[in-house]
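Please read this briefing alongside the sequence and the 3D structure.

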Amino acid sequence: MPGKILIADDEPHILELLKLILQGKYIISTANDGVEVLEYLKSNKPDLIILDVMMPGLNGYEVCERLKKNPKTK
């Protein structure tokens, strides 16, 4: 079974590029910002999360901090 990857980036062209590179090898999901990442993780568990550092709202560092504090995602 292929691994699941969540890609978070606010730049649509970056999301598309990464999807093109990784599709067929992995199951790809995307998020446009940190809030979407946290919402996605309420009902999904990817094997890997690729986070943009500079996103509106919650940036990549803030998302990482929240993931580390949550026992379900640390």
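What follows covers a helix pair, a nonpolar core and several individual residues.

This is a predicted model, in which local features need pLDDT of at least 70 and side-chain atom pairs count only at pLDDT 80 or more, while totals for chains, interfaces and linings use all residues. Residues are numbered from 1 along each chain as its sequence is written, and side-chain values use heavy atoms, with hydrogens and water left out.

**The helix pair α2 and α3**

- Helix α2 (residues 34-41) and helix α3 (residues 60-69) have axes that come within 9 Å and cross at roughly 25 degrees; helices are DSSP runs of H or I with at least four residues, strands are runs of E with at least two, and both are numbered from the N terminus.
- That crossing angle makes α2 roughly parallel to α3, given that angles under 35 degrees count as roughly parallel, over 145 as roughly antiparallel, 65 to 115 as roughly perpendicular and the rest as oblique. Axes here are lines fitted to C-alpha atoms, for helices over the stretch in contact, and angles run from 0 to 180 degrees between N-to-C directions.
- The crossing of α2 and α3 is right-handed, a term used if the near helix is turned clockwise from the far one by less than a right angle.
- On the α2 side, Gly 34, Val 37, Leu 38 and Leu 41 meet Val 63, Arg 66 and Leu 67 of α3, where contact means heavy atoms within 4.5 Å.
- The residues of this contact divide into five nonpolar, one polar and one charged; Ala, Val, Leu, Ile, Met, Phe, Trp, Tyr, Cys and Pro count as nonpolar, Asp, Glu, Lys and Arg as charged, and the others, Gly among them, as polar.

**The largest nonpolar core**

- The largest nonpolar core has 10 residues in all, namely Leu 6, Ala 8, Ala 31, Val 37, Tyr 40, Leu 41, Met 55, Leu 58, Val 63 and Leu 67; such a core is a set of buried Ala, Val, Leu, Ile, Met, Phe, Trp, Tyr and Cys residues joined through side-chain atoms within 4.5 Å.
- At least two residues of this core come from each of β1 (4-8), α2 and α3, and α2 gives the largest share, three residues.
- Not counting residues up to four places away in sequence, Leu 6 touches Ser 29, Thr 30, Ala 31, Val 37, Tyr 40, Pro 46, Leu 48, Ile 49 and Ile 50.

- Tyr 40, found in helix α2, counts as buried at 19% relative accessibility, where buried means under 20% relative accessible area, exposed over 50% and partly exposed in between (1.4 Å probe, protein chains only).
- Leaving out residues up to four places away in sequence, Tyr 40 touches Leu 6, Ser 29 and Pro 46.
- Tyr 26, in the loop between α1 (12-22) and β2 (27-31), is partly exposed, with a relative accessible area of 37%.
- Again not counting residues up to four places away in sequence, Tyr 26 touches Pro 2, Gly 3 and Ile 5.

**The segment after α3**

- Pro 71 has its place in the segment after α3 and counts as exposed at 67% relative accessibility.
- Lys 72, also found in the segment after α3, is exposed, with a relative accessible area of 75%.
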